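Good morning, everyone, and thank you for coming.

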Amino acid sequence: MTIVISGGKDAARRSAATAKATTLIEALPWLSRFHGQTVVIKYGGHAMTADELRAGFAEDLVFLLHAGLRPVVVHGGGPQVTDHLERLGIESVFTAGLRVTTEETIDVVRMVLNGKVNKDIVGLINRHGSFAVGLSGEDANLFTAERKLALVDGAPVDIGLVGEMIETDPSMVSALLDDGRIPVVSSVARGNGDGAVYNVNADTAAAALAVALGAAKLVVLTDVEGLYRDWPASDEVISQLDTGDLEKLLPTLSAGMIPKMEACLTAVRGGVPAAHVLDGRLRHAILLEIFTDSGIGTMVLPAADAVLPAAAALDIPEISPSVAAQGGTR
């Protein structure tokens, strides 16, 4: 006769298994709610450069796809562009926080974003199966832009081939989503009839695409925990705010945070039900935000008096009473 004695290790295993089961059960309402919905993710910051986080990001996207969501990635790659320019002996010049983009520079931007960064992301995802397809914002005129001027001491300054998004044609991205793919889009754009190619802000491009696709969420990955209530005096993160409050806060924010929060504001005012700023340094941050009750980072919601498309028009199921009791849209 064999006698089995359960000890501390077995108890620890049972505890770990119970915790995993609890997490899965907690995810059920959110899996149901977001099944079939599009989520646009702006990918950048430390999450794009650390190998462990890059691998985790790819895993998160494949998980979302298998869970029935329709993820779309929009990326930039400023540090990678700067590194390549340095190797070529080309100085990086910034005016009002924007890269001065000459004809020579835009060639490097296209080469690095479309040919290097985009393909690296696609390759990471496709280690798990033939899911990702790389696109440039130039493809099929997905992104159209016009020349953007920088403001220096209140005066407009020409900074070259830097673009302001004016139009988005999501038809190609929609076709890939319908085919069960994960579109990965670089933030370059065709000019509005001028034959030029423009370097555009990836946060802005992601917001425009989220609106055009009727996405359920915009997620912006960055290198901070979220929007701080009173930085640098306090590191308290604002968990949730509406577009009205965000608009009032915008002038007080740091230069790096402004485009991210402006993107959230644009997306939600354009009909996206929620936008999130998450710490991309936290492994699986996307899954923690979408599939847990408490969420992480900062979430932007419509103002109470905002007139936005109805949930039915965006094909978003109504939230169940049990989920509403757990904190509404988080």
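Is D153 buried or exposed? D153 is exposed, with a relative accessible area of 82%, where exposed means over 50% relative accessible area, buried means under 20%, and partly exposed lies in between, computed with a 1.4 Å probe on protein chains only. Before I go further, this is a predicted model, in which local features need pLDDT of at least 70 and side-chain atom pairs count only at pLDDT 80 or more, while totals for chains, interfaces and linings use all residues. Residues are numbered from 1 along each chain as its sequence is written, and side-chain values use heavy atoms, with hydrogens and water left out.

Returning to D153, you will find it in the loop between strand 6 (143-152) and strand 7 (155-168); helices (H or I, at least four residues) and strands (E, at least two) are DSSP runs, numbered from the N terminus. The phi of D153 is near 55 degrees, a positive value in a residue other than glycine. Most residues other than glycine have a negative phi. H284 also has a positive phi, of about 65 degrees, although it is not a glycine, and H284 sits in the loop between strand 13 (274-279) and helix 9 (285-291). With a relative accessibility of 27%, H284 counts as partly exposed.

A cavity here is a set of points, on a 1 Å grid over the protein atoms alone, where a 1.4 Å probe fits but cannot get out, and lining residues have an atom within 4 Å of a point. The structure holds one cavity of 30 Å³ or more, and the largest cavity contains about 80 Å³ of space, a volume being the space filled by probe spheres set on the points, which are joined across faces, edges and corners. Helix 2 (51-66) gives the largest share of the lining, four residues. By type, the lining has seven nonpolar residues (Ala, Val, Leu, Ile, Met, Phe, Trp, Tyr, Cys and Pro count as such), three polar and two charged, where Asp, Glu, Lys and Arg are charged and the others, Gly among them, are polar.

Let us move to strand 13. Six of the six residues of strand 13 are buried, so this strand is largely enclosed by the rest of the structure. A274, H276 and L278 point one way from strand 13, whereas A275, V277 and D279 point the other way. Strand 13 pairs with strand 11 in the parallel sense over six bridges, and two strands pair if DSSP finds at least two bridges between them. L221 has L278 of strand 13 as its bridge partner. Strand 13 and strand 14 pair in the antiparallel sense over three bridges, and there H276 has M299 as its bridge partner.

Among the buried residues of helix 8 are K260, M261 and C264. Just after helix 8, G271 takes a positive phi of about 115 degrees.

How values were computed:
On a 1 Å grid over the protein atoms alone, a cavity is a set of points where a 1.4 Å probe fits but cannot get out, and a pocket is an open set with protein on both sides within 12 Å along at least five of seven lines; lining residues have an atom within 4 Å of a point.
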